[in-house]
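Q: I'd like a close look at one part of this structure: the charged side chains and how they pair up. Could you walk me through them, and then say how they sit in the chain as a whole?

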Amino acid sequence: MKKLPIGVQDYKKIKEGNYTYIDKTKYILDLISSEAPIFLSRPRRFGKSLTISTLYYLFKGEKDLFKETYIYDKWEFKEYPVIRINLLDVATDNVERMKESLTKIIKLEGKRNGIEITETDYKFAFNELIIKLSKKERVVILVDEYEKPILDNINNKEKAEKYREILRDFYVSIKSKDEYIKFVFMTGITKFTKTGVFSALNNLNDISLDKAYAQMLGYTQEELESNFKEHIKETALEMKMEEKELLKNLKMYYNGFSFDGKNSVYNPFSILQFFKKREFENYWFESGSPSFLYEYIKGKKIRYEDLVKYPVSKLDFSTREIEEANASIFFTQAGYLTFKGKEQYGMEYEYLLDYPNIEVKNSFSKMILEANYELERGKIKEINKTIWKAIKEKDIEEIIKEIKRIISAIPYNLHKKEESYYHSLIYTIIASAGLNVTAEELTNLGRSDIVIEEDTIYIMEIKIDKSAEKALNQIKEMKYYEKYKEKEIYIIGININSEKRNIDEYKIEKI
């Protein structure tokens with residue numbers, strides 16, 4: 001059984017170290033035929049650095065490393081001089097340090113390629129490196145984490161803009177020295193704007209939302225099942241599950257990331273960690289920057305309803321800089337939201353947004369409760385246990401009781417006399433427990449407010465200052481339960497009293 005490449009981002013190490021490798025070189029072969037610089041944005045820990053590493057060894061001409069891959073007999077494997085830049089190495093505490101560190105990175109790249117760089121200014125040092133290396137052969141430029149200095153200062157617009165100006169000045173060398181360059185590939189978490197970092201690169205080919213590359217990074221269902229056969233078999237035995245059940249749970253927990261609104265992929269980091277530890281945990285989310293997210297959610301008063309209410313277009317991702325973008329745009333680029341479908345209007349498309357899977361939904365909901373509704377972390381943990389147990393025991397009254405207790409703990413000044421406020425809040429409470437819950441679940445006759453889909457189905461309809469009976473009748477009249485008729489179903493009508501700021505009536509029926 002091949003080893004799991006956890007934390008291994010070097011292509012050569014993976015190939016020579018008997019690690020599992022998912023062959024993505026079919027996409028890479030298509031990319032390297034491009035004359036225009038290529039840009040690809042993807043969430044963190046999604047395989048961007050491994051892609052950069054793969055391109056590096058490809059252009060270094062190391063053909064033997066590519067045996068048993070798609071590209072092996074289809075590429076010339078000629079050696080080119082390669083400039084490889086990772087902006088994770090750039091200092092971002094102040095402007096001068098950033099400039100100095102950019103220069104240092106260029107000088108180190110020169111040294112690695114056997115060239116001495118004499119310029120001390122970051123821009124001219126980059127120009128010098130490109131020109132000197134091109135005397136051997138046209139140059140390949142690979143840039144990872146292109147916008148890291150900006151993301152480090154996303155809550156400081158003034159500082160972010162200063163760093164953007166420096167990066168804009170730095171990257172312009174790629175355009176001005178085009179005659180010396182063979183291939184350019186740049187990647188990061190966020191898409192760029194037309195007036196941003198790459199404003200001078202008017203020939204840049206952005207493939208971030210290109211359907212042809214939607215599954216270039218991440219694992220497809222087929223790739224998961226064919227490359228991790230032994231891991232799936234052993235994990236299913238250890239967890240005492242049928243393989244079919246394990247695959248179903250893996251899909252719910254870790255699949256769902258979509259970059260075209262149609263095809264989806266698994267997050268590689270979560271899958272590798274899962275097969276190592278053989279437990280369903282929130283690996284990807286917890287490996288990120290929760291303190292930063294907490295401040296962002298708290299500062300913008302993020303609610304689930306606000307994030308998914310309106311569809312977005314491709315243009316929405318490139319009209320504003322990331323620190324000024326709508327929260328839904330930022331969270332989609334960061335991977336906390338994803339495309340769950342698309343709608344066409346004439347010749348234009350808009351994408352529907354939602355959480356990609358249970359892992360993200362669960363962790364993000366906990367953070368919203370803590371940051372936006374001022375609930376203590378310990379209380380949230382207690383809530384999660386109670387709701388989970390109640391769902392498994394089909395104790396709906398206990399679930400309602402717990403939801404009421406949580407709502408009453410939220411400061412009165414945070415409440416809003418809107419149905420959407422309570423939809424979002426109740427959905428977030430249930431999602432924080434790690435349950436498979438959806439909001440505004442689509443049916444052929446309308447939209448139900450909240451659906452919990454476990455072994456048993458629970459359908460909730462929420463009204464404000466009306467009646468639980470009216471809420472229950474709407475579920476019946478619109479037949480929201482039809483699509484689940486082969487399962488055990490409970491329907492729940494809830495009424496919120498806006499003066500009391502809580503549930504004052506509910507009705508439950510079994511279908």
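Predicted model: local features only at pLDDT ≥ 70, side-chain atom pairs only at ≥ 80, totals over all residues.

Glu79 has a partner: its side chain forms a salt bridge with that of Lys60, at 3.5 Å from N to O. Both residues lie in the loop between helix 3 (48–59) and strand 2 (82–86), so the pair ties together parts that are 19 residues apart in sequence. Lys60 is buried, with a relative accessible area of 19%; buried means under 20%, so that label holds.

As a general point, side chains of opposite charge can pair when their charged atoms come close.

Next, helix 7 (residues 157–176). Glu161 and Arg164 are 3 residues apart there, which puts about one helical turn between them. Their closest N and O atoms are 2.8 Å apart, in a salt bridge. Arg168 joins in too: Glu161, Arg164 and Arg168 are linked in a network of salt bridges. As for cover, Glu161 is partly exposed at 27% relative accessibility, while Arg164 is buried at 1%.

Then there's Arg278, which makes a salt bridge with Glu234, with 3.1 Å between the closest N and O atoms. This pair links distant parts of the chain, 44 residues apart: Arg278 is in the loop between helix 11 (268–277) and helix 12 (283–286), and Glu234 is in helix 9. Arg278 is buried, with a relative accessible area of 16%, whereas Glu234 is partly exposed at 36%.

Now for charges gathered in surface patches. Glu242, Glu243, Glu245 and Asp455 form a negative one. Asp455 sits in the loop between strand 11 (447–453) and strand 12 (457–464), and it is exposed, with a relative accessible area of 68%. On the positive side, a surface patch is made up of Lys211, Lys262, Lys314 and Lys342. Of these, Lys211 is in the loop between strand 5 (205–206) and helix 8 (221–227) and counts as exposed at 66% relative accessibility.

Lys240 is in the loop between helix 9 (229–238) and helix 10 (243–254), and it is exposed at 76% relative accessibility. Its phi is positive, near 55°, and it isn't a glycine. Most residues other than glycine have a negative phi. Asn18 is another non-glycine residue with a positive phi, about 60°.

Stepping back, the chain has 20 helices and 14 strands, and 56% of its 511 residues count as buried.

Note on methods. Residues numbered from 1 in each chain as written. Heavy atoms only, no water. Patch = residues over 30% accessible without salt bridge, like charges linked within 9 Å, V, L, I, M, F, W, Y side chains within 5 Å. Areas by Shrake-Rupley, 256 points an atom, 1.4 Å probe, with all protein chains shown as cover. Salt bridge = Lys/Arg side-chain N within 4 Å of Asp/Glu carboxyl O. Lys, Arg positive; Asp, Glu negative; His and termini not counted. Charge placed at Lys NZ, Arg CZ, Asp CG, Glu CD. Helix = DSSP H or I, 4+ residues; strand = E, 2+ residues; numbered from the N terminus. Buried < 20%, exposed > 50% of the residue type's maximum accessible area, 1.4 Å probe, protein only.
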